[in-house]
Amino acid sequence: MSKIVLYGVDLSPPVRAVLLTLKALELPFEFKEVQLGVQNRTPEYLKMNPQGTVPVLDDNGTYIHDSHAICIYLCEKYAKTDAIYPKDLVKRTVVNQRLFFDAAVLYKALWNVSSSFWHSGITVVVKEKTRNVHAALQLTEDLLADNPYIAGDALSIGDLCCVATVSSVPAVLDIDPVKYPKVTAWLERLKKLPYYEEANNVGATKYNTFMRSTWTSVEL
Ligand SMILES: N[C@@H](CCC(=O)N[C@@H](CS)C(=O)NCC(=O)O)C(=O)O
């Protein structure tokens, strides 16, 4: 098997989505920590990923960026079964929709909060940004409907990407179990995955604690 190297930092939700997928697929890999703001701006790094973001996957010289693209690639290339990325067209399309939802709505809402701090040192979170996070949580609640998992009755990479983001929402606001009962139950379900603690919870806890300590005001 080719050598898989993951570049990232476990504070990052998209990096944790890939860590969860690597663990779900039981793939061996090497983790190379990237010092954000420094190493992701070097010419060598930008050659791998012109966007300069983490994660980047190096699969024996094939470089892939964007966590969603990486998770799909890993499933397509290495999965022994189609359990977490179904081959059935309709089921796969639902999973894809959840991946695009995470990229375009859920993670975007969270990134809009934290990027002001990371890029400009802003420590105030305005109402418009928390409103977007709430709207994304409500959509997650609606997408879950009465299903145990985000794309229906089986665990998929849709869950692994969305949970890396949702578990990082407490970086800015608490997820109210009364307002978001389905999201809360789904989170609890995913926490029971044997690799969840190592692949997601350690980094999410660090991220949430750090971000909470940086805000001087959050308009809820
Ligand atoms: N859509 C991308 C988002 C990646 C992303 O925004 N990563 C952040 C860390 S959480 C990053 O690398 N930021 C560095 C920067 O913006 O300079 C993915 O899913 O991989």
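Helices (H or I, at least four residues) and strands (E, at least two) are DSSP runs, numbered from the N terminus, and in these terms tryptophan 118 has its place in helix H4.

## Basis of the model

This is a predicted model, in which local features need pLDDT of at least 70 and side-chain atom pairs count only at pLDDT 80 or more, while totals for chains, interfaces and linings use all residues. Residues are numbered from 1 along each chain as its sequence is written, and side-chain values use heavy atoms, with hydrogens and water left out.

## Annotated spans

The UniProt record, an unreviewed entry, carries the annotation "domain: GST N-terminal" for residues 2-82 and the annotation "domain: GST C-terminal" for residues 88-215; UniProt positions are given in the numbering used here, feature names are shortened, and annotations may be inferred rather than shown by experiment. The span of residues 2-82 is 37% helix and 21% strand, and its end C-alpha atoms lie 20 Å apart. For residues 88-215 the content is 70% helix and 2% strand, with the end C-alpha atoms 45 Å apart.

## The sheet and its hairpin

Four strands form an open sheet with mixed pairing, in the order E2-E1-E3-E4, where two strands pair if DSSP finds at least two bridges between them. Strand E2 (30-33) and strand E4 (62-65) stand at the edges with a single partner strand each, so one side of each is left without a neighbour in the sheet. On average, and with direction ignored, neighbouring strands of this sheet are turned by 20° against each other; axes are lines fitted to C-alpha atoms, for helices over the stretch in contact, and angles run from 0 to 180 degrees between N-to-C directions.

Strand E1 (residues 4-8) and strand E3 (residues 56-59) run antiparallel and are joined by four bridges, with valine 5 standing opposite aspartate 58 in E3. E3 and E4 also pair in the antiparallel sense over four bridges, and aspartate 59 has threonine 62 in E4 as its bridge partner. The hairpin of E3 and E4 has two residues between the strands, and there asparagine 60 takes a positive phi near 55°.

## Backbone exceptions

Most residues other than glycine have a negative phi, and most peptide bonds are trans. Asparagine 60, with its positive phi of about 55°, is not a glycine, and this residue is exposed, with a relative accessible area of 57% (buried means under 20% relative accessible area, exposed over 50%, partly exposed in between, with a 1.4 Å probe and protein chains only). Aspartate 66, likewise not a glycine, has a positive phi of about 80°; aspartate 66 lies in the loop between E4 and H3 and is partly exposed at a relative accessible area of 35%. A cis peptide bond, with omega about 5°, joins valine 54 and proline 55, and proline 55 lies in the loop between helix H2 (43-48) and E3.

Proline 14 is found in helix H1 (residues 13-24), a helix that lies across E1 and E2 and runs at about 155° to E1. Proline 14 is buried, with a relative accessible area of 11%, and, leaving aside its neighbours within four places in sequence, is in contact (heavy atoms within 4.5 Å) with Val54, Pro55, Ser67 and Tyr107.

Tryptophan 118 counts as partly exposed at 38% relative accessibility. With neighbours within four places in sequence left aside, tryptophan 118 is in contact with Leu11, Trp111, Phe210 and Met211. The C-alpha atoms of tryptophan 118 and leucine 36 are separated by 9.4 Å, although the two residues are 82 residues apart along the chain.

## Cavity and pocket

On a 1 Å grid over the protein atoms alone, a cavity is a set of points where a 1.4 Å probe fits but cannot get out, and a pocket is an open set with protein on both sides within 12 Å along at least five of seven lines; lining residues have an atom within 4 Å of a point. Grid points are joined across faces, edges and corners, and a volume is the space filled by probe spheres set on the points. By this rule the count comes to one cavity of 30 Å³ or more, and the largest cavity has a volume of about 40 Å³. Its lining includes Pro13, Pro14, Ser67 and Tyr107, and the elements that give two or more residues to this lining are H1, helix H3 (67-78), helix H4 (89-120) and helix H6 (157-166).

The largest pocket has a volume of about 770 Å³. Of the 28 residues that line the largest pocket, Leu36, Thr53, Val54, Tyr107 and Trp111 lie nearest its centre. H1, H3 and H4 are the elements that give two or more residues to the lining of this pocket, and H4 provides the largest share, eight residues.
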